Amino acid sequence: MLGQMMHRPLSVIEILKFASENHKSAEIVSVRTEGDIHRYSYAQAFERVAQMAHALGRMGIASGDRVATLAWNGYRHFELYYAISGIGAVCHTINPRLSAEQMIYIIQHADDQVLFVDTTFVPIIAALRSQLPQGLRCVVMTDRAHMPDSDLDLLCYEDLIADCPKTYDWPEVDENTACGLCYTSGTTGNPKGALYSHRSTVLHAMSLCISLGRFLQEGTRVLPVVPLFHVNAWGLPYGAPLAGASLIFPGGALDGPSVYKLMDEERVNSAWGVPTVWLGLQAEIAAKGRNPNGFSSVVVGGSAAPRSMIEKFEKSGVSVCHAWGMTEMSPVGTHGILPADMIATKSLSERLDLQQYQGRRVFGVDLKVVDENGESLPHDGTSVGELYVRGNAIISGYFDNEAATAEAFDSEGWFGTGDIAVIRPDGFLSIQDRAKDLIKSGGEWISSIDLENVVMSHPMVANCAVIAVAHPKWDERPLLVIVPAGQEHVSKAEIDDLLLQHVAKWQLPDAIEFVDELPLTATGKVSKLTLRQKFANYMLPDMK
Ligand code: AMP
């Protein structure tokens, strides 16, 4: 027997409509490419979103068309998220840090009709012009006064919307209609597209508000350092208006001092981003001798958060949520906010032990860990295997890519994450490594994340990465690459002593190399691929 309830399709534009009516005191603050700060309410955003929807219609954009963005975190980018999806088209966010080759590939693969671009990225478009599709129109996200000098045929965002009505008769779209498109990056081969639907996006936003509710409430001021150009800034452009939180968009200045200043002046409570960004912020906090005004929580994900980073935040009164997810999952899969009873009863050291885990699943995500034969392993805290996921905000295939789709799922339809993990009986997930980043030494696995975590706690280490280098006897051995915190280089003996408190002797890195900085991927994570290429022919001491 079926239930007798109305079916109202879940729709992205309903989130902003709701916020515009119900969250009057929340605001969106943006550091603009024009050099100043812009602020307005969700109600004002909703009006400009309606104007942009009209403008898109005038440009001939129809349901299902792909409209691309190449932009920082700011209010115009936010408006495009809603205007494009609101008319039934698909907002394709492009990561400006992709290589030219990858960018051309995804623009062509997505068949983008229009490209919205921040002034900062106009030179990228100029450089690529001969390879861009003929009919692609470019709109610069600024006003007439700030339009760049260029011989490209460029349209101006503010001109486009200037005389458009501030209301729009939003169409009712099927909830399974695509609303967003984001390509994975940092992997070898061509990027693969995750095509989000209205339904998956709204469910993900609701799940985010529930699971991370302590950090995302009415009145909270949230800083998404995580970019709108990659996996929907972890769902914040949807979750924040739903919850009634304010959004503080940082624009392009993501270094420690700039982030600190913005947080301090705008009294940001909750800041979300990858560990590399927080290393910069923590250095600035140390230099200033105090936390930014109002700072009370941080969400860190995208790659493993070192224990030392979590400890510094927690000791200064900033609660840390260590989260895990991926582009294909909208992206949030797990969150590390500790249950209230654990916060009340566990010591700091016990809590830190747990916070190194990537947390528990959010509602709507199922997790399983499997062995090489695809058999499920127990959630016993010790069985290690590949992590598979399923849920209603997880891709069912890659956009227009049968080959990649065929490889990604098991026979029961679960998606293979490529992460190696352990799950405890209480649901806490520990990501041991990317399958391809694990180091296989004499048939045994060494987790690069485990070693990095310990090394990061040494005061003479600013950042580090562990990679596999080929070894004639052991197959692979770990090489530790360190960015020193000062002039002095820490000795191998000292690092070994530190590591031996946590790992077995055979897991110690065979050598240390010092570098000025680590290569980053387009999403700000340490690029192990680039490092492995750099040290491809590395001679370990016992090979010389
Ligand atoms: P992306 O699709 O670019 O968001 O990358 C997803 C991948 O980032 C995951 O499959 C993990 O390998 C990695 N990742 C994300 N969050 C974490 C985390 N908290 N700890 C360790 N790895 C993470």
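Predicted model: local features only at pLDDT ≥ 70, side-chain atom pairs only at ≥ 80, totals over all residues.
**First helix pair**

Two packed helices are described by the angle between their axes and the distance between the axes.

Now show side chains. On the α7 side, select Thr 201, Ala 205, Met 206, Leu 208 and Cys 209. They meet Leu 236, Tyr 238, Gly 239, Leu 242 and Ala 243 in α8. Sorted by class, this contact of α7 with α8 has 8 nonpolar residues, 2 polar ones and no charged ones.

**The ligand**

Select the ligand and its surroundings. There are 14 residues around the ligand, and the closest are Ala 323, Thr 327, Asp 419, Arg 434 and Lys 525. Start with Arg 434: one of its polar side-chain atoms lies 2.8 Å from an oxygen atom of the ligand. Then turn to the backbone. A polar backbone atom of Gly 302 is 3.0 Å from a nitrogen atom of the ligand. At Ala 304, a backbone N or O atom lies 3.2 Å from a ligand nitrogen atom.

**A cis peptide bond**

Go to Ser 330 and Pro 331 and display the backbone between them. The peptide bond that joins Ser 330 and Pro 331 is cis, with omega about 15°. Pro 331 belongs to the loop between β15 (324-325) and β16 (332-335).

For the last stop, select helix α15 (residues 448-455) together with helix α16 (residues 492-500). Their axes are 9 Å apart and the helices pack at an angle of about 110°. The helices α15 and α16 are therefore roughly perpendicular to each other. Their crossing is right-handed.

Which residues of α15 meet α16? Show Leu 451, Val 454 and Val 455 in α15, which meet Ile 495, Leu 498 and Leu 499 in α16. By class, the contact of α15 with α16 has 6 nonpolar residues, with no polar and no charged ones.

Key:
Residues numbered from 1 in each chain as written. Heavy atoms only, no water. Contact = heavy atoms within 4.5 Å. Helix = DSSP H or I, 4+ residues; strand = E, 2+ residues; numbered from the N terminus. Nonpolar A, V, L, I, M, F, W, Y, C, P; charged D, E, K, R; others polar. Near = heavy atom within 4 Å. Polar contact = N/O pair within 3.5 Å; in protein donor to acceptor, adjacent residues only side chain to side chain. Axes fitted to C-alpha atoms, helices over the stretch in contact; angles between N-to-C directions. Parallel < 35°, antiparallel > 145°, perpendicular 65-115°, else oblique. Left-handed = near helix turned anticlockwise from the far one by under 90°.
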